[in-house]
Amino acid sequence: MMNTRITTTLGSVALVALLAGISRATVLNFAMNSAGAVPANNSDLDVPYGSNVGPANIIGATDGGEGWTPNIALAWAPTGGTVPAAPDIDVLEFHSAGTFTGAGFTVPVLQLDIDASNHTVLPEDPWVDFTPDAGWAVRIHELKFGNATDQSENAYSTTISVLELPGLTPTGSSHTTAALTAGQLEVATLNFTGAPGVSYRLLFHDNTDPANGLNPHPRAAIDDLRFSQVIPEPSTLALVALCGLGLITRRK
């Protein structure tokens, strides 16, 4: 009886260890720039921000409870450049205004600066691409989306969707917020898991009423973007299966 209990316990521990080893998560909170410093207000986000996050490359991120995501690369757009050289610049920006604190964010946040006053042509929808290493898959959990308390435009909703690359194929995973006004925040839960080695785009589309014409929303922001890397490789799954089979056999 004692041997059976010991074997069962050890088998359970092994299963937990294996499962913990194949799923790791990062939460991007934008508290630092890529140089490891507190970002200046309205400074641009680097294109690869949040890529391959590990203990030596934390930047503005926290451990999501399961380790880090060293096998997931990110690419943000549109960003970089100097206003008003082109329409697709100064869109993804760090911001620490108290008006975002009042909205329920923890600053700094990532502001989606779709602002007609800074652009002769309204920028395209912002996005972030997730590219996993071979054998790994990305899992996109959730993020916060909302408006600063000094938002003056009409209430609007935003659709946050996951598209498969390179063809921008809809995956069916999306979240459309309520029509948010000043100071309102919503958690967009996606819980999408991609295929191994396949890249995906997280796209933010402003559902402004076309009747309002150009009605940009420069005081929207995101925060606490949580994503994981998972590895459903046959070798790993086989180890888990064998461990589980051993438990069943021992009990019999």
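**Sheet and aromatic pairs**

Strands β6 (residues 127–132) and β11 (residues 200–206) run antiparallel to each other and pair over 4 bridges; strands here are DSSP runs of E of at least two residues, numbered from the N terminus, and two of them pair if DSSP finds at least two bridges between them. Within this pairing, V128 has L202 of β11 as its bridge partner. The charged end of R201 sits over the ring of W127, 4.0 Å from its centre (CZ of Arg or NZ of Lys within 6 Å of the ring centre and within 35 degrees of the ring normal).

The model is predicted, with local features needing pLDDT of at least 70, side-chain atom pairs counting only at pLDDT 80 or more, and totals for chains, interfaces and linings using all residues. Residues are numbered from 1 along each chain as its sequence is written, and side-chain values use heavy atoms, leaving out hydrogens and water.

Both strands belong to an open, antiparallel sheet of 5 strands, ordered β3-β6-β11-β8-β9. Because β3 (72–77) and β9 (169–176) stand at the edges with a single partner strand each, one side of each has no neighbour in the sheet.

Turning to the rings, the structure holds 6 aromatic pairs (Phe, Tyr or Trp ring centres within 6.5 Å, using the six-membered ring of Trp; planes under 30 degrees apart are stacked, over 60 edge-to-face, the rest tilted). The centres of F30 and W76 lie 6.0 Å apart with planes at 70°, so this pair is edge-to-face. F30, in the loop between β1 (23–28) and β2 (61–63), is 46 residues from W76 in strand β3. Both residues are buried (under 20% relative accessible area, 1.4 Å probe, protein chains only). Ring pairs join F30, Y49, W76 and F94 into a cluster.

Terms used. Buried < 20%, exposed > 50% of the residue type's maximum accessible area, 1.4 Å probe, protein only.
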